[in-house]
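Dear colleague,

I am handing over the structure below, together with some notes on what turned up when I went through it. Please read them with the coordinates open beside you.

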Amino acid sequence: AATDGGGGGSAAQRGDVTADTRVAMSASYVHDSVVCSVAFSHDGKWLATGCNRAALLYEVGGAVAPCHTFTAGSDSDADVYVRSVCFSPVASLLAMASEDKIIRVYDTNDASLAGTLTGHQLDVYTLTWSSDGNFLVSGSGDKTARMWRWNDRQCVLTVGGDSNGPTDGVTSVAISNDSSSIATGSLDHTVRLFDAATGASTAVLASHGDSVYSVDFADNNYTLVSSSLDHTIRVWDLRQSPNCSSTVLHGHNDFVLSVRFGNRDTTIMSGSKDQTVKLWDLRVNSAVLSIHGHSNSVISVGLSPRNGQFASGGGDCLARLWSLRGDENAGGGDVAVTAIATALPPPKPQPRDDGVPTGVVATDA
């Protein structure tokens with residue numbers, strides 16, 4: 001069993017997973033479409049979700065109806081999915097990336113549009129802020145990632161679109177905590193690393209056997225995690241770049257669509273087409289909790305910076321808020337989680353087979 005590594009607060013509050021950890025569903029948010037993305041604000045007070053034609057903002061612990069709805073697309077009836085939502089780590093700003101090629105940033109204090117970023121030639125799949133809030137990094141189906149300086153809304157760096165970049169769409173981006181390195185995950189099966197100052201390619205990690213759908217940096221700047229349609233997660237040690245070694249995590253039995261580090265570098269969370277959310281302890285390189293709380297693909301997972309909370313968004317048109325807690329008198333973590341999951345009311349049947357918007361996730365062969 002994993003042990004308490006020290007530090008302030010209980011293990012559950014810090015996001016650690018121990019043998020006594022239990023999971024409770026705190027809220028369920030019903031959407032009109034597939035939920036493509038979930039993200040918490042830097043203070044943990046707000047949860048944002050991305051779905052068809054909108055990003056929705058919820059108060060954590062408040063009503064299950066959204067406080068604000070931020071729209072994407074025109075007035076036409078065509079689907080325009082918001083693929084990615086992310087909060088600034090230092091301000092009340094919510095960024096959203098959508099299939100209409102536009103990045104919109106809203107001020108959550110008054111729901112006003114703070115700015116738009118344009119330049120990508122195809123759908124924008126993914127977004128992340130730098131740790132200081134000065135830059136946004138985006139990835140697109142146009143095979144590029146772009147870095148945007150927020151104060152003047154300018155694109156200051158483009159990687160890809162040449163022989164050193166991805167040869168297919170960029171599905172995920174991450175920027176290291178010190179803002180020195182950008183990572184991309186791509187439909188071309190690769191994870192690529194770029195110097196954030198110059199755009200130079202620093203490593204191509206080609207060990208996955210299928211499209212890479214999610215990447216995330218640990219706070220230590222040298223550990224990177226990636227997930228793939230090959231059903232695996234890889235944990236990369238970048239200190240030996242460009243010849244980086246990786247540890248392969250097995251446990252999901254279908255596409256792994258999302259992966260995120262917890263509040264400590266020893267915990268990650270993943271979501272899969274196998275309908276589960278898994279929590280992993282990197283000290284033992286194993287999944288220690290498996291939560292079956294969706295009736296379709298788990299497309300996105302996000303961890304709150306406080307209170308041991310996390311969220312999942314799925315193809316069943318639900319976003320769910322979960323809480324970790326320690327219980328000294330309970331036995332076996334997986335049993336408790338399975339009992340909670342099977343007690344959940346079944347969501348309404350959905351028409352999509354895999355729960356993932358078309359054009360992004362490859363269909364089964």
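Which residue in strand 11 is the bridge partner of Trp129? In this model, which is a predicted one, that partner is Leu136. The two strands involved, strand 10 and strand 11 (residues 135–140), run antiparallel and are joined by five bridges. They belong to an open sheet of four strands with antiparallel pairing, in the order 10-11-12-13, whose edge strands, strand 10 (124–129) and strand 13 (154–160), each pair on one side only. Direction ignored, neighbouring strands of this sheet are turned by 20° against each other on average.

The largest nonpolar core holds 14 residues, and the members that touch the most others are Tyr29, Val38, Phe40, Leu47 and Leu321. At least two core residues come from each of strand 1 (21–30), strand 2 (37–40), strand 3 (46–51), strand 4 (54–59) and strand 28 (318–326), with strand 4 giving the largest share, three residues. For Val38, the contacts beyond four places in sequence include Leu47, Val85, Val301 and Ala319.

One further residue may be worth a look in your viewer. Ala72 lies in the loop between strand 5 (68–71) and strand 6 (82–87), and Ala72 counts as buried because its relative accessibility is 2%, against a cut-off of under 20%. Leaving out residues up to four places away in sequence, Ala72 touches Arg53, Ala54, Val80, Val82, Met96, Ser98, Asp100 and Arg104; of these, Ser98 is 26 residues apart from Ala72 in sequence, while their C-alpha atoms are 6.9 Å apart in space.

Best regards

Note on methods: Residues numbered from 1 in each chain as written. Predicted model: local features only at pLDDT ≥ 70, side-chain atom pairs only at ≥ 80, totals over all residues. Heavy atoms only, no water. Buried < 20%, exposed > 50% of the residue type's maximum accessible area, 1.4 Å probe, protein only. Contact = heavy atoms within 4.5 Å. Core = buried A, V, L, I, M, F, W, Y, C linked by side-chain atoms within 4.5 Å. Pairing = 2+ DSSP bridges. Axes fitted to C-alpha atoms, helices over the stretch in contact; angles between N-to-C directions.
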